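Subject: Structure handover

Hello,

Here is the structure you will be working with. My notes on it come after the sequence and coordinates.

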Amino acid sequence: MSSNDPHGYKKTLSSPYSGVKGWIDSRLPLIRMMEAEYLKFPVPKSLNYFWSFGGIAMFCLIGLILSGIFLGMHYKPSAEDAFNSVERIMRDVQFGWLVRYLHMNLASFFFIAVYIHIFRALYFGSYKAPRELVFIFGMLMFLLMMGTAFLGYTLPWGQMSYWGATVITNLFSAIPVVGDAILLTLLGDFTVSDATVNRFYVLHWLLAFAIVGLVVFHVITLHMTGSNNPSGMEPQNWDETLSFHPYMTIKDTKAMVLFFIVVAFVLFFFPNIMGHSDNYIRANSMVTPAHIVPEWYFLPFYAILRAIPDKLGGVLAMFGSIAVLFILPWLDTSKVRSCLYRPIWRICVLLFALDFFILMYMGAKPASDIYVLISRIGTAYWFLFFLVLAPLVGYLETPRQPLTISNFLRDKKALT
Amino acid sequence: MSENNKPRRDFIKLASMTLGGVGAASLVVPFISTMQPGKDALALASTEIDLSPIPEGQSLTVIWRGKPVFIKHRMTDEIQSAKEINLDDLIDIQDDSARVLQDKWLVVLGVCTHLGCVPLGQKTTDNKGDFGGWFCPCHGSHYDTSGRIRKGPAPKNLEVPPYVFLTDNRIKIG
């Protein structure tokens, strides 16, 4: 340890490489780092295809940023021009239709990948110690994703853009005392207006890159603990791990190819299937569409908002439904991670997934009596799951003894 | 550095960090101020309207500060139903007389107090809800002929903007 390196940070100054690679690596140790974290990085050898969705989500994000850059060269963020500039991208800009449809549909598929990724974390207990921070950074990204998607949806300045922006920004007016001041600050006018679309465009970019920043933290924290796996047990020795490359790179590539075949199919044959036709009508501040619904990925939370018959209560329940996810690592009291060994919790988690889809369906329906009733039951289960079942089942349930990774794989082989 | 200097040094550190911190934090004021409505938006604060073309029983929608304003020429039975109601039945208790300057003219913002949609009921063919006033299609709030919330998630009555009668047939909003 030299005198100008009191903490020993630089003790590996000499690079393992030679030549130009060594010259760069001894000054900027990125090559060394990438080799350790991606090429030779050990992962449990029992990972299944659920573990590919983090990588898939990252590729969706890269695709969104790329397509966003090219859309941004033509889009005009003003109340006057926004709608027409998007139509120009669709009709006149060469391949503009493709880039815009790619951006639109990748946003939806990003949510699909992330929802599967989050389900994986819930089912196999990836949020539990020592991976709490991995999970929390993930949840922060999920929040920012929802913000970015909302801001982006405002930009085409169609009827759904306009009224979606109106309804969502008005959620803040439910906050006592300062609500109206916050609303004015967000909108920059008394209604969603020219000032609003301009700032939403800037914030859409800002949040997108904030997500990229959080990906770095998500990955750093993940690489400190290593990946969880279906058995929920940590690898006991090197024999229970595989090198990330080539085993996971090839497995993830296969999963990505399959995933993006589905993306391509929707993109080329049904590009508007996840959108609303009303958004091809220019924003009109005097007429609210008869049936306004958010994009599909917000529907479960929208159903929770509508399930509560009180304005502030509804807003609190909606934000609360996401807030409870952040404290899940401490709400779940069980020592066993994977649902494969937790017979009761497994049913709770599967019911939670079902609840998510039921709420999604209810969010798309008009707010009439029967749908509101089902939404209320769904909302009740959502909070019951986190606040009551997670702590209680951990105490009451007798889990089976989880198998080590090697035994898990041997048993699985015997079954098939 | 002798030990005697330590408190002095700590004080200087603390004072300079505080000054720097307060200085940097004070930037929040101009930054957040730019996000408020600009002077141009504030300048559009008043609108004059001629009421004479609105026949009894019909309504007009005008724009004030970018928001729709509903002006309703109320019929006798609508005025009556607005006045002869048990105030205790209301969600946001307010007498009709506190909401109008002249009984036959109701002027309210056409912005649902729930989440800001424009309620239906301005056209004669619109769904006017269970109380003959307005109905918000977004989340199902019903307003009566005085623009008061009667049923649904909205917490407040439709807001009455500041306005004055310039003549019997002319008002100025804002």
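Predicted model: local features only at pLDDT ≥ 70, side-chain atom pairs only at ≥ 80, totals over all residues.

Domains of chain A

Chain A is split into two parts: domain 1 takes in 46-226 + 241-291, and domain 2 covers 293-403. Their C-alpha centres are 22 Å apart. Across the boundary, 23 residues of domain 1 of chain A make contact with 20 residues of domain 2 of chain A. On the domain 1 side, helices α5 and α6 (132-154) of chain A each provide at least two of the touching residues. The most come from α6(A), which gives seven residues to that side. By type, the residues on the domain 1 side are 16 nonpolar, five polar and two charged.

Nonpolar core

The largest nonpolar core contains 104 residues. Helix α5 (residues 96-123) of chain A accounts for the largest share of this core, with 14 residues. The residues with the most contacts inside the core include A:A57, A:C60, A:F110, A:A113, A:V114 and A:I304 from chain A, and B:C117 from chain B. As background, nonpolar side chains tend to be buried together in soluble globular proteins.

One of those residues can be followed further. Leaving out residues up to four places away in sequence, A:C60 touches A:L106, A:F109, A:F110 and A:A113. Of these, A:F110 and A:A113 are also on the list of residues with the most contacts inside the core.

Strands of chain B

There is an open sheet of three strands in chain B, in the order β1-β9-β8, and its pairing is antiparallel. From one strand to the next, the twist averages 25 degrees. Strand β9 (residues 170-173) of chain B is joined to β1(B) by four bridges. Within that pairing, B:I49 has B:I171 as its bridge partner.

Chain B also has a hairpin made of β2(B) and β3(B), with two residues between the strands. Strand β2 (residues 59-64) and strand β3 (residues 67-73) of chain B pair in the antiparallel sense through six bridges. B:W64 stands opposite B:K67 of β3(B).

Regards

Key. Residues numbered from 1 in each chain as written. Chains lettered and ligands numbered in written order. Pairing = 2+ DSSP bridges. Axes fitted to C-alpha atoms, helices over the stretch in contact; angles between N-to-C directions. Core = buried A, V, L, I, M, F, W, Y, C linked by C-beta atoms within 7 Å. Buried ≥ 20, exposed ≤ 12 C-beta atoms within 10 Å, placed from the backbone. Contact = placed C-beta atoms within 7 Å. Domains from an automatic or database assignment. Nonpolar A, V, L, I, M, F, W, Y, C, P; charged D, E, K, R; others polar.
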